[in-house]
Every structure is written in structure tokens, then in C-alpha cells.
Amino acid sequence: MEEKKILFSTWGMPAQWKDITYTYDEMSVHACTTLKLLSKKYDRVILFVLDSIADFNGVSNSSQCGTCYSQSFKDFIYSGSYSDVISSIEERTKKMLACLGIEDAEVIVLPAKGKPGGRMQFNGDVKDYLSIALLSSYIRIKEDLRSASQIGLDITHGINFLPTLTFQAVMTLMYAALISGNNEKIWFKVYNSDPATPLVNNVAINVMYEREVSHICVEGKNVERAIRTKGEKFSDLSRHFNMVYSNEVYPLISTLLNPFPLAAAKLSSISKIDVQWMLNGWIESSSIDLGSVFHDIHYDPVAIEQAVIADAFLNRMREFNCGDCCDINLIDKITKEIYKKVSLENYYILEQEISDIRRKASDYQCGPCKPNKRIMVAHGGFQKECVEVQNDHVKYCNWDKIFEFIKTFERPR
């Protein structure tokens with residue numbers, strides 16, 4: 001699989017930017033955005049914009065960005081369904097990118113908050129930005145994440161909460177990339193230019209932060225209120241999402257962090273996580289009326305982070321094709337390719353238990369299975385009276401008891 005370099009970028013209000021010379025890595029370009037230069041360094045570009053980008057109550061600068069913005073967003077009206085509005089903003093932003101000479105960038109429209117443009121009122125929850133950024137970007141690039149070797153984040157044009165929350169979203173996407181692919185590490189770079197003041201005509205683009213990401217970090221708590229809704233209109237969606245979270249998402253997270261690879265193998269054969277349905281539900285609950293944008297459901301960002309990681313984990317585990325019964329050699333492969341990236345401590349626990357199973361398979365026979373927290377964690381989920389080993393294949397004796405155990409078992413702190 002060919003390695004991919006993916007760049008994420010945030011934009012505030014491009015109509016106000018000026019033309020300037022940006023310099024990076026011995027390359028220079030005269031442009032109104034860093035994206036024109038940085039996009040040349042990456043295979044895939046994902047641009048985050050707010051749904052308030054079309055709400056500009058002022059005069060555009062006489063720059064290329066100002067001109068392209070005016071051409072793309074002239075006569076824009078916030079009307080119709082929210083889905084139609086964000087589709088139109090995405091299409092017009094792509095038109096603006098083409099006007100700037102930036103090709104093949106993916107545009108993701110995310111919820112604003114407040115009254116940044118002076119006309120429309122955006123009544124969202126700032127946490128919605130993180131939840132929807134994760135869902136939207138993961139859905140669009142999940143296959144490319146599998147082969148990601150480098151991920152960049154350009155926050156030069158980020159305003160307000162955009163840089164902070166986008167940084168968090170991109171970190172989660174890197175963890176999903178590590179789980180779903182075979183890369184042992186991903187190089188992460190964050191870019192920002194020098195201040196483009198009125199008296200400055202040439203600025204450098206700087207690498208503000210860089211690190212090698214090789215370990216997966218996921219919140220292990222069981223979220224009590226994974227979704228909030230207004231009124232009874234979306235009560236069915238709320239009930240269904242909470243059911244998916246408690247029966248599908250959290251159990252997978254629990255088996256990833258604790259670690260219980262045999263339980264994860266079983267879950268991968270029966271679980272269903274539809275991240276597209278989660279995104280569609282949020283979009284359909286949003287509306288536009290009398291100069292305001294409303295959102296009637298709000299996901300807990302931790303629950304959505306876990307949903308994205310769980311989906312990546314689920315799809316990766318399905319490749320091993322274990323089901324009810326898993327070959328011990330496959331368990332060892334899963335341990336090396338996935339669990340080692342989560343925790344070296346857990347990796348050593350699993351390696352020791354796999355060695356014991358191979359040497360003393362007869363010790364693992366069905367008994368009165370009562371899952372014990374300490375024993376399950378200490379032995380990587382292979383509590384002897386709960387596990388049966390035959391011909392190098394391992395299975396749980398009583399899956400129902402194991403499932404109820406992992407549904408409510410949080411990662412020890």
C-alpha cells in the first residue's frame with residue numbers, strides 16, 4: 001500500500017487576507033494563503049471551514065483571496081435545509097480554491113458559534129465542532145488513513161477555537177490511522193506563518209510543533225450521557241445512539257485498552273458501527289430559520305472520539321477473520337500489530353499469556369466463569385476458567401458473561 005501524506009488546514013474569513021510572499025523549505029510563493037505552498041508537499045489536503053464563512057458583511061480585500069471569495073460567495077443566502085446550505089458552502093469553497101490554483105482539496109464544513117459575520121446567529125455548542133470534524137473527516141479519508149506516513153496541520157488561518165479543537169481532532173485521526181494500518185509510526189507537523197502585518201511583505205512558514213506518533217491514546221471512560229437532544233423530536237435517535245454506544249462502541253474501546261484481544265475478535269464478528277448514520281443524524285437535526293442556525297442534538301466529543309477509534313479497530317480486526325474462535329498465532333499477530341501500539345505494558349502481558357497458552361493449553365478449560373477484574377487484566381482477558389483451548393484455537397466458554405463484563409468495565413487508573 002502506497003504511503004500517503006495528508007495535510008489538514010483551517011480557514012477563518014479569507015476575504016480579509018492580503019497577498020504576501022510565503023517562504024518554506026527553500027520555496028516561495030506570492031499568495032494570500034499558506035495552503036498554496038504547503039499543499040504541494042502533501043498527497044491529500046483536507047480544509048476545515050466554518051458554516052459562517054459565507055456570512056461576510058463587509059468589503060473584501062483587493063487580494064486574490066478577496067477576489068476569489070467575492071466571485072464564489074456572491075449572492076449566497078442561508079435558506080433551505082442545513083444539508084443544502086453546507087453542500088453549497090462546500091461547493092463554493094472548492095470553486096474558490098480552484099480560483100486560487102489549489103486543486104483536489106477536500107472541503108469539510110463545520111459549525112460556527114456566535115455571530116462572527118455580523119448577520120447570521122449560529123446557535124451551536126462549541127463541542128459540536130470537534131464531534132463533527134472527527135466524523136466528517138474520518139468518513140472522507142478513512143482509507144487514506146490506513147497508509148498515512150505523515151500528517152500535517154496548518155493553523156495559520158485558524159481563528160478562535162479552530163486551532164485547538166482541530167489539533168485534538170487530528171491527533172485522534174492519527175490514532176485511527178495507527179490502528180487501521182500497518183505503519184508503526186506517523187510523523188506529525190504543525191505549521192504557522194510569521195504574522196502577516198500591514199508593513200510586512202515576506203513571511204516564513206514555520207514548523208511550530210513536530211513529533212513522531214507511535215502510540216495510541218484514547219479516553220477509556222464509559223460516557224454516561226453520550227448525546228443531548230432538545231425536545232422529543234429526536235428521542236428515537238437518542239435512544240438508538242445510546243444503545244450503539246453502550247453495546248458496540250464502548251465494549252470495543254474496553255477490549256482495546258484493557259487489553260482483551262479475544263473479546264475484540266468476537267466483537268468484530270458481531271458489531272456494527274455506522275459513523276455515517278451518526279453524521280447524518282446531526283445534519284438532519286440542524287435547521288435554519290429567521291437568520292439563525294440551530295442544532296438540536298449534541299454528541300459528547302469523547303463518545304464520538306471513541307466511535308471513530310472503535311470503527312477503525314473493528315475494521316482492522318475483521319481482517320484477521322477470527323469470529324467465535326481464534327487461532328493463537330492470530331492472537332499473537334493481533335498483539336504485535338495493534339496492541340503493541342497501545343501499551344508496551346499490555347503487550348508484554350499478552351505475549352506472556354500467549355506463551356503460557358502454547359505451553360500449557362490443558363490448563364485453559366471451561367469452568368464456572370466469573371470474570372474477575374484483576375485476573376482479566378493481569379492475563380489479557382484469558383482468565384483460565386473462562387477460556388477453552390483446543391488445537392491451538394481459543395474461545396470463551398460463556399460469551400454472554402464476558403460481554404456484560406466488558407460493557408461496564410472501565411480502564412483501571
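**Figure 1. Pairing of strands β9 and β10 in the predicted model.** In this predicted model, strand β9 (residues 186–193) is joined to β10 by 8 bridges in the antiparallel sense. Within this pair, Ile186 is placed opposite Val213 of β10. Strand β10, which spans residues 202–213, also pairs with strand β2 (residues 20–24), here in the parallel sense and over 3 bridges. Tyr22 has Val203 in β10 as its bridge partner. Strands of a sheet pair through backbone hydrogen bonds, in either a parallel or an antiparallel arrangement.

**Figure 2. The open sheet of 8 strands.** The strand order is β3-β2-β10-β9-β8-β1-β4-β5, and the pairing in this open sheet is mixed. Strands β3 (27–31) and β5 (105–110) are the edge strands, each pairing on one side only. On average, and with direction ignored, neighbouring strands of the sheet are turned by 25 degrees against each other.

**Figure 3. Strands β4 and β5 with helix α3.** Strand β4 (residues 44–50) runs parallel to β5, and 6 bridges join the two. Leu50 stands opposite Leu110, a residue of β5. Helix α3, formed by residues 82–99, packs on the sheet and touches β1 (4–11), β4 and β5. The direction of α3 makes about 140 degrees with that of β5.

**Figure 4. The bend in helix α4.** Helix α4 comprises residues 126–145 and bends by about 55 degrees at Ile139. The helix is mostly covered, with 14 of its 20 residues buried. At the start of α4, the backbone nitrogen of Lys127 has a side-chain oxygen of Asp125 within 2.9 Å.

Figure 5. Ala176 belongs to helix α5, which covers residues 162–180. Is Ala176 buried or exposed? Ala176 counts as buried because its relative accessibility is 0%. With neighbours within four places in sequence left aside, the residues in contact with Ala176 are Tyr138, Val308, Ile309 and Ala312. Cys217 lies 41 residues from Ala176 along the chain, and the C-alpha atoms of these two residues are separated by 10.0 Å.

**Figure 6. Packing of helix α6 against helix α9.** Helix α6 (residues 235–257) and helix α9 (residues 301–318) pack at an angle of about 65 degrees. The axes of α6 and α9 are 9 Å apart, and the crossing of α6 past α9 is left-handed. On the α6 side, the contact is made by Phe241, Tyr245, Val249, Tyr250, Leu252, Ile253, Thr255 and Leu256. The α9 side contributes Ala303, Ile304, Gln306, Ala307, Ile309, Ala310, Phe313 and Leu314.

**Figure 7. Ser235 in helix α6.** Ser235 is located in helix α6. The relative accessibility of Ser235 is 17%, and the residue therefore counts as buried, the cut-off being under 20%. A polar atom of the Ser235 side chain lies 2.9 Å from the backbone oxygen of Glu232.

**Figure 8. The open sheet of 3 strands.** The strands follow the order β15-β17-β16, with antiparallel pairing. Strands β15 and β16 stand at the edges with a single partner strand each, so one side of each has no neighbour in the sheet. Strand β15 (residues 326–327) is joined to β17 by 2 bridges, and Asp327 stands opposite His393 in β17.

Figure 9. Strand β16 (residues 387–390) runs antiparallel to β17, and 4 bridges join them. Val387 stands opposite Tyr396 of β17, while Val389 has Val394 as its bridge partner in β17. The two strands form a hairpin with 2 residues between them. Asn391, in the turn, has a positive phi of about 50 degrees. Which residues of strand β17 (residues 393–396) make up its covered face, and which its uncovered one? Val394 and Tyr396 form the covered face, whereas His393 and Lys395 form the uncovered one. His393, on the uncovered face, is the residue opposite Asp327, and Tyr396, on the covered face, is the residue opposite Val387.

Terms used
Residues are numbered from 1 along each chain as its sequence is written. This is a predicted model: local features need pLDDT of at least 70, side-chain atom pairs count only at pLDDT 80 or more; totals for chains, interfaces and linings use all residues. Side-chain values use heavy atoms; hydrogens and water are left out. The bend at a residue is the angle between axes fitted to the seven residues ending there and the seven starting there. Buried means under 20% relative accessible area, exposed over 50%, partly exposed in between (1.4 Å probe, protein chains only). A polar contact is a pair of N or O atoms within 3.5 Å; within protein, one must be able to donate a hydrogen and the other to accept it, and residues adjacent in sequence count only if both atoms are side-chain atoms. Contact means heavy atoms within 4.5 Å. Two strands pair if DSSP finds at least two bridges between them. Axes are lines fitted to C-alpha atoms, for helices over the stretch in contact, and angles run from 0 to 180 degrees between N-to-C directions. A crossing is left-handed if the near helix is turned anticlockwise from the far one by less than a right angle, and right-handed if clockwise.
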